[in-house]
Amino acid sequence: KQLVALGAPRSLETVETLINMHYGRLPQLAKMSSWANNLQHQVSDYNETLSKGIQVSFKVDQDLLGMVIGSKGANIKRAQALQGVSRIDTRKDGTVVVWAE
């Protein structure tokens with residue numbers, strides 16, 4: 001493509017400088033745009049994950065699993081009563097899984 005500019009020499013120098021600055025920055029602007037799009041996708045994915053809730057798993061010694069559960073499930077019931085906690089499961093192998101909003 002060709003650009004034709006008419007004007008005073010000083011004006012033409014200014015135009016040339018501005019055009020060179022613009023085209024010189026295009027690769028940098030493209031990188032920034034790509035970076036911003038990537039961040040936007042990451043935020044969107046994170047928000048989707050949060051809307052589905054979070055699941056956290058951890059293991060305790062099988063000998064201590066009874067303490068985690070508590071007498072008649074009292075500790076589990078207390079933990080489930082906390083705001084945001086939707087479910088808690090325990091497994092015989094000592095795995096505890098907590099679902100939260």
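Three strands make up an open sheet in the order 1-3-2, with antiparallel pairing. Strand 1 and strand 2 (85-90) sit at the edges, each pairing on one side only, and the twist averages 15° from one strand to the next. Please keep in mind that this is a predicted model. Here is a friendly tour, starting with the chain as a whole and then moving to the sheet, the surface and the charged pairs.

**Overall layout**
- The protein chain holds three helices and three strands, and from the N terminus on these elements follow the order α-β-α-α-β-β.
- The radius of gyration is 30 Å, whereas a compact globule of 101 residues would be near 13 Å.
- Along the principal axes, the C-alpha atoms fill a box of roughly 90 × 25 × 20 Å.
- Of the 101 residues, 11% count as buried.

**Inside the sheet**
- Five bridges join strand 2 to strand 3 (residues 95-100) in the antiparallel sense.
- Strand 2 and strand 3 form a hairpin with four residues between them. Gly 94, in the turn, has a positive phi of about 100°.
- Ile 88 also gives a reference point for helix 3 (residues 74-80), where Lys 77 lies: the C-alpha atoms of Lys 77 and Ile 88 are 8.8 Å apart, and the two residues are 11 apart in sequence.
- Lys 77 is exposed, at a relative accessible area of 55%.

**A nonpolar patch on the surface**
- Tyr 46, Leu 50, Ile 54, Val 56 and Phe 58 form a nonpolar surface patch, with about 440 Å² of accessible area together.
- Helix 1 (9-52) and strand 1 (54-59) each supply at least two of the patch residues, and the largest share, three residues, comes from strand 1.
- Tyr 46 belongs to helix 1; its relative accessible area is 53%, so it counts as exposed.

**Salt bridges**
- A search of the whole structure turns up three salt bridges.
- Within helix 1, the side chains of Glu 13 and Arg 10 meet at 3.6 Å, N to O. These two residues are separated by about one helical turn because they are three residues apart in helix 1.
- Glu 13 is partly exposed at 45% relative accessible area, while Arg 10 counts as exposed at 60%.
- Asp 93 and Lys 59 form a salt bridge through their side chains, at 3.6 Å, N to O. Asp 93 lies in the loop between strand 2 and strand 3 and Lys 59 in strand 1, so this pair ties together parts that are 34 residues apart in sequence.
- Asp 93 is partly exposed, with a relative accessible area of 36%, and Lys 59 is exposed, with 57%.

How values were computed: Residues are numbered from 1 along each chain as its sequence is written. This is a predicted model: local features need pLDDT of at least 70, side-chain atom pairs count only at pLDDT 80 or more; totals for chains, interfaces and linings use all residues. Side-chain values use heavy atoms; hydrogens and water are left out. Patches are made of residues with over 30% relative accessible area and no salt bridge: like charges are joined within 9 Å, nonpolar side chains (Val, Leu, Ile, Met, Phe, Trp, Tyr) within 5 Å. Accessible areas come from the Shrake-Rupley method with a 1.4 Å probe; for residues, only the protein chains shown count as cover. A salt bridge is a side-chain nitrogen of Lys or Arg within 4 Å of a carboxyl oxygen of Asp or Glu. Buried means under 20% relative accessible area, exposed over 50%, partly exposed in between (1.4 Å probe, protein chains only). Two strands pair if DSSP finds at least two bridges between them. Axes are lines fitted to C-alpha atoms, for helices over the stretch in contact, and angles run from 0 to 180 degrees between N-to-C directions. The radius of gyration is taken over C-alpha atoms; the globule rule is 2.2 Å times the number of residues to the power 0.38.
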